[in-house]
Amino acid sequence: MRDALAGRDLLALMPTGGGKSLCFQLPALLKPGVTLVVSPLIALMQDQVRQLRDNGIAASFVNSSLPAAEGAQRLAQLLRGEYQLFYLAPERLLLPEFLTATLPRIAAGPGLNAFVVDEAHCVSEWGHDFRPDYRQLSSLRRRHPTIPMFCFTATATPRVRTDIIAQLELRDPAIHLTSFNRPNLHYEVRPKTKRSYAELAALARAGGAGIVYCLSRRRVEELAAQLQGDGVRAAPYHAGLAAELRRETQEAFIRDDLQVVIATVAFGMGINKPDVRWVVHYDLPKTLEGYSQESGRAGRDGDPAHCRLYFGAADIRTAEFLIQQKVDPETGEALEAEQRLGRQQLRQVRGYAESTECRRAVLLSYLGESFTGACGACDNCSAPKTLVDRSTEARQFLSCVARLAQRGERFGAAYVIDILRGARSERLLARGHDSLSVYGIGKQRSLADWRGLARSLAHQALVEETQDGFSVLCLNAESWRVLRGERPVTIARDAAEREPRAVPHPETADPAQGALYERLRELRKRLANEQGLPPYVIFHDATLREMALRRPLTLAQFADLPGVGQAKLARYGESFISALRQHPA
Ligand SMILES: [Zn+2]
């Protein structure tokens, strides 16, 4: 924020809903001129502009959803300096006419304050939403070198970060990292079995808006039909459906007319629905980054929400098959770099699913954040597990990595394990690694044991892996503490197959209160429909829950609820109080 005010370039990594809009609203208010915001999320512009106006900021937008005349009028107002903040889709901003005529006129007239690039990870092909046109945004820098650029993204991997800085030609940007930990999300992995569908249907019946992600359109259609057949208000969403139908589905979901959307990963990016209560991955996600984004669509209002992943061996075979299909369309030769990256991404997803450590720690370590200790809100933390001491084995493993490094050689975990277990492979013997002092010292442990240890060391950030597809190991400061015997290493003993436990659903915890809560939700829905608004705009779930708990019966008591300001008190207070009066305590 301070950097934004000082006019320095900025790269801010913050999870969605992390208050990023405030970061560019303030400079827009304090400095003269216009702040231009480039955002690919057309569906969200109107929402954001409405919120800004509610806060007294002169803001507007143009995008393809507006009639041409309306767009032209807003641009004229922009040129007259009537706006402090203006949203544009990248394709509009990159029009030659806009770049060469409109922009210089803004600069000469009301003045340019800053460029804000939202969803900046779209410039990186390492990110999950690569958009080639985003790269051309660097022309803003060349045309207006003195105007600061503020880039925002909810994608945190170091590789994407470096790419954003290079592609958009940021100059010594201030980098702001917000923690990606989302304490209100509960993480869980369940084996994919014959019971999985019944579990999913039960979750849907327990209530709350939910998203189910599947890998293929066919799966999406099948699952949607099955849930509908079982009485769930569910609809499919994938790129093969007509745009109009997709828009209707989105709208119905936001307005709570639909409870569940079954979708391919295309769903959710441009949707502002803070009260999604659960996200289920029915198939294995392609990347852990994608998983963190998609599961992160749950619980943006800060209320408890569930993220569940189904994991089965067949999914791994499918994923491996798809990776093998990555070939040059002309020569038919394998695209090795892409395949390598695909395999690493699959290993990471698998590592998460098979981990016996805290899921949150695994996800955060992948995003470059270290999270120590038990979170208490994932299946691994809440299910009792036995810890075993593996300090000796960890030292053997790490010292093997150290020996190789001394020789200027670096390998992945599989090769290190081969050395420790005294493998007689040609590759190993040819390199003379059978002469290392650590060769064969881990013979007595099984391959599975060693793999489990290696995975655990990576998850506990006791060894680093490169992100270039090779997963080459290197030591960090913590590895050396282990090697010096300064810190013990414990890992969870892999329970054969942990029985999935029922997690109490936040909305069904107290049946009496649950009924009142449902009643308040119905009222909110009715008021929302009357005004053509999404329900959460009236009150968030947290406000309704407090209402059910405290049962305010006067306007003064009602005003004390979280999320109730003067305007909402005046507009909705009486309606809710009379509903509360009718409900016996
Ligand atoms: Zn945990």
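Which exposed residues does the face of α3 turned away from its buried side carry? That face carries Arg50 and Asp54. The model is a predicted one, in which local features need pLDDT of at least 70 and side-chain atom pairs count only at pLDDT 80 or more, while totals for chains, interfaces and linings use all residues. Residue numbers start from 1 along each chain as its sequence is written.

**Overall form**

- The protein has 27 helices and 17 strands; these are DSSP runs, numbered from the N terminus, with helices being H or I of at least four residues and strands being E of at least two.
- The C-alpha trace spans about 80 × 65 × 50 Å along the principal axes.
- Of the 585 residues, 39% are buried. A residue is buried if 20 or more other C-beta atoms lie within 10 Å of its own, exposed if 12 or fewer, and partly exposed in between, with C-beta atoms placed from the backbone.
- Among the contacts with a separation of 6 or more, 72% come from residues 24 or more positions apart. Two residues are in contact if their C-beta atoms, placed from the backbone, lie within 7 Å.

**Helix α3**

- Helix α3 covers residues 42-54, and its 13 residues should span 18 Å at 1.5 Å a residue; the end C-alpha atoms are 19 Å apart, which agrees. The expected span is 1.5 Å times one less than the number of residues.
- Met45, Gln48 and Leu52 are the buried residues in α3. Seen down the axis of α3, the buried residues fall within an arc of 80°, so they line one face of the helix. The arc is that of the directions from the helix axis to the C-beta atoms.
- An α-helix has 3.6 residues a turn, so residues three or four places apart point the same way.
- Glycine 56 follows α3 and has a positive phi, near 80°.

- In α9 (158-167), the residues Val160, Arg161, Asp163 and Ile164 are buried. They fall within an arc of 165° seen down the axis of α9, so they line one face of the helix.
- Pro158, Thr162 and Ala166 are exposed on the other side of α9.
- The buried residues of α9 pack against β1 (10-13) and β6 (149-153).
- Most residues other than glycine have a negative phi.
- Glutamate 169, in the loop between α9 and β7 (174-177), has a positive phi near 55°. Glutamate 169 counts as partly exposed, with 15 C-beta neighbours inside 10 Å.
- Aspartate 172 lies in the loop between α9 and β7 and has a positive phi of about 40° although it is not a glycine. Aspartate 172 is exposed, with 8 other C-beta atoms within 10 Å.

**Helices α18 and α19**

- The axes of α18 (residues 391-406) and α19 (residues 413-420) come within 10 Å and cross at roughly 110°. That makes α18 roughly perpendicular to α19.
- Axes are lines fitted to C-alpha atoms, for helices over the stretch in contact, and angles run from 0 to 180 degrees between N-to-C directions. Angles of 65 to 115 degrees count as roughly perpendicular, under 35 as roughly parallel, over 145 as roughly antiparallel and the rest as oblique.
- Gln396, Phe397, Cys400 and Val401 in α18 meet Val416, Ile419 and Leu420 in α19.
- Arginine 421 is in the loop between α19 and α20 (426-430) and counts as partly exposed, with 18 C-beta neighbours inside 10 Å.
- Leaving aside neighbours within four places in sequence, arginine 421 is in contact with Gly442, Lys443, Leu447 and Trp450.

**Other positions**

- Leucine 284, in the loop between β12 (276-281) and α13 (288-295), counts as buried with 23 C-beta neighbours inside 10 Å.
- Beyond neighbours within four places in sequence, leucine 284 is in contact with Phe311, Asp315, Ala319 and Val349.
- Alanine 68 lies in helix α4 (residues 68-79) and is exposed, with 9 other C-beta atoms within 10 Å.
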